Amino acid sequence: MTHLPTAEKREAAEPRSVFKESSCIFRRNRALGYVSNQVPAVTRYVQRRRDTLLITCIGRSFQVYTASHFRLIHVSGLHPDEITALATDRLHTYTASNKCIFAWRAGKHIRHVYRGHQKDVHLLLPFGFNLIAIDRANVLKVWNIPTEDVYLEVPFRTEEFQITAVAHPPTYINKIVLGSQQGQIKILNIKKNSVVCTMSHHESRITCIEPAPALDVVAVGHGDGAIILLNLKFDEVLMGFQQDWGQVTSLAFRTDGPPILVSACSNGYMAFWNLEERKLAGQLQAHEESVTTAICLPTEPVVFTTSPDNSMKMFVFDMPDGGARQLRIREGHTKPPLCIRYHGSSGVSILSSGEDSTMRVFSTIAESLNKSMGRATYNPKATKKKSELLNVTIADLMFYFMYSLDRFQYDKFSMPPILEFTSDTAREKEWDNIAAIHAGIIQTTTWTFDKNRMGDHRLVPKQFQNKNRSDFQSETTCLVLTHCGNFVIVGYSTGDIERFNIQSGAHRASYGSPGHQKAVRGVACDNLNQTVVSGCSEGLVKFWAFKGKVDKPVAVLSLADGVAMMRQHRESSMLAIGLETFKVFVMDMHTRVIVRKFVGHTAKLNDLTFSPDSRWLITAAMDSTIKVWDIPSSYMVDHFRVEAPCVSLTMSPNGDFLATAHVNLLGIYLWANRTLFNQISLRSIDPWEPAPYVGLPTNVCDAMELEDGLIKLEIDDEDETKLGELIDAKYETPTQLSKELITLSGLAASRWQNLLDLELIKQRNKPKAPPKAPKLAPFFLPTVSGLELRFDVENGQKQDDSSRIRKASTLNNLTAFGKLLEGTATSYNFEDVVTHLTQLGPSMIDFEIKSLHPEAGGTFLAMLQFLKLMEFMFGTNLNFELAQSYLSVFLRSHGLGLTESPELVRALRSVSQVQLDAWQRVEEKLIYGTGVVAALRNFAH
């Protein structure tokens, strides 16, 4: 998976289960909203692009961005496990995963694989043609990059020198600097396999080592916040700083002029140290969590940072006092999303709210179109002022000394997580069009999609505005925005149902006093603002008039179990009701009748959604399953199990994608609807049948490249010998289902219906003027009559020059069809004749049948064989309509001439008997079917 782990990785990871790529309907597509995690990012300058590439880790794959616009170039293939280290040089990007090291070319293709470590690798350093890798077993290995051989292996004793940092100072040939958990520094010559010297100037754990632009100088960061600039040549401390915020996570030197050292801290702050004046030059809050990466781009006044808070930023030093400001940002949710919904009818924007109290917009087209609406706060002005206090310079520190005690505390104005929201596009340009409820509070906040920010209104009922009230346990539980975009209806845990005007924030109506005796779990409103439906945990579903007398419900429907949630499909007026007993009811809002009941989940329902055409109802529960119910047939047609329970899901307005959010995962996962791209036959599935396990989607990567990568990584699938016989699901329709059944030919109706009216058609299509001959008639090859273009090669062959006298074997002039008929007198094989007839057009068939009479160049034998051909077609029950049409043309043309031969009369009687038997069977079925339809039509309900 490409999720961001919230806890530390276990030493011995459990083996991953074998999962399927797709269910019957939905196939894994991709994941949205992942930017970075706790693994430090790396950078690489590409001369051809004249730009710096930024490479960030997102779990089992890495992403490559451009530094100029933060544009996502590509995503790597999947690794066998989580990536533990990243490094890069001029040619390759190196990743460590599952005790192996992979060398990627262009971020897509695996060039080398280095195997041999007994533990996971956590430090990588490219060093010329060598790659230095240090694993958790405290073993340092030097790999030869082209040959994939181990050049040197140096084990260290963990209790004496546990390696925590590695660097290569410029001009130090064949030498690297190692930092340890014990605070010591060693310079190692990898060519001679010898320790040059050992230095110890601070007892705290070394977290990072960064070479300075000056020769022989490195900056060393420690776990207690100490920063030391050390001269390696003379083993001398040049200067030291103390970062009181906590551990130093990264160090970087500016190379564009000013002597500034940038240090990152584990609490999300960065400090800028002036090396000439030996004092603090400025500070700013870069991230909400630890800053794991801080890299100053060469000769540019910018610093690039990443953090486990799922964001990466770039700051530019262009402030008048030398400070930095944010230049670019790419971020996702810092905590798992709780509610996701498609916004608009185009299906390209997904609204998402999470535990971080933020509202975000994710684009399914390009990551650069993602937006953040900000964090929900009680006092936006105070929060903005507090953020300004956090980005100060050394000149302002004395003035703001009074704020030093609470400057780094959590924002007290931040609101609780957003549990649910509702949106509509009707009045998107005029006023706020999104309303959200928060965990544990009574306020409902408004947001505007057009202005991309939080709105000004806080919707609170009148009975909760009294400062002397004692009921502080009340909270909002559900809400819905009307289709017109003017009103929002909110339900509360006290049973109250209130309607607000979202434009002004004014209270408009209260449904009942209160509407329910228990907590309201769901509200819905129809498209025309005529009816409001509410459901409570007591199991009562009430129908209210939208306006007018709203003190009493119009109707009440009692359910056996309490209502857990309600979701509606406005176009069809279908309402899905999830119950506390894990059942799902589908109700028609107009007739107020339960039309479907679905049972199959074994845990708490998390979310429900309809497909755009309201044919499917998709449900998700805490049993980690997602089920698809077909409403017309009332069957479950698909289900699958995922790694983490789905907490929210939404279907695209176009029906092409299903988006899901999961427990403890920061991304939004897209599933493609296979029924739009393939012919899939849906069958009913037992709801209690165990659901197959389907892996969550990963980031974008080509399917072929992913398969190639798995082969190169030697990730084997399940042994095929353990699987059953492969069943080919492709179905080919047979020519005839059964010999007892009358089968039609399947040809176009114009091929046989026009035979009876061919003379009329020819008369109607007769040209008014004769065709004009071309000036220069080109040479044409003779062709054979028929629907398929074929050249008459036999008649075009050159005759023998010995004699020009043509010898006729018989006095008749049979056509190709007549010759085939005469041939059946001895072979009794009529299939070739039937095939020949089906390839001819109506005009040619009429000509061939009329040419069978001796006066037209045919023979009585040909006519006799034609009647036997009709008997054969009626006897096989194939091409029934063609046989009827051909026989009709034959009788119309040669009806009087048949009496001249007793043999033809006997054959005609035989054909008549076979034709009568076949028609009687058809007539009986038609009369029976007509009678059944008439009886059902007159049946009284």
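Predicted model: local features only at pLDDT ≥ 70, side-chain atom pairs only at ≥ 80, totals over all residues.

Started at M870. Skipping its neighbours within four places in sequence, I find M870 in contact with A883, Y886, L887 and V911.

Next I asked which members of the largest nonpolar core touch the most other members. I get L852, F866, L869, M870, Y886 and F890, out of 32 residues in that core. Helices α5 (816–827), α6 (831–838), α7 (842–850), α8 (860–876), α9 (880–894) and α10 (902–937) each put in at least two residues. The largest share is from α8, with 9 residues.

Zoomed out to the whole chain. I count 10 helices and 58 strands. Of the 941 residues, 50% come out as buried. Accessible surface is about 47,900 Å², and carbon and sulfur atoms hold 52% of that. For contacts between residues at least 6 apart in sequence, 49% join residues at least 24 apart.

Last stop, strand β2 (residues 42–46). Which of its residues are on the covered face? I see V42, R44 and V46 there, while T43 and Y45 make up the uncovered face. β2 runs antiparallel to β3 (residues 51–57), joined by 5 bridges, and Y45 stands opposite T52 in β3. The hairpin has 4 residues between the strands, and R50 takes a positive phi near 55°.

Technical notes
Residues numbered from 1 in each chain as written. Heavy atoms only, no water. Core = buried A, V, L, I, M, F, W, Y, C linked by side-chain atoms within 4.5 Å. Buried < 20%, exposed > 50% of the residue type's maximum accessible area, 1.4 Å probe, protein only. Contact = heavy atoms within 4.5 Å. Areas by Shrake-Rupley, 256 points an atom, 1.4 Å probe, with all protein chains shown as cover. Pairing = 2+ DSSP bridges.
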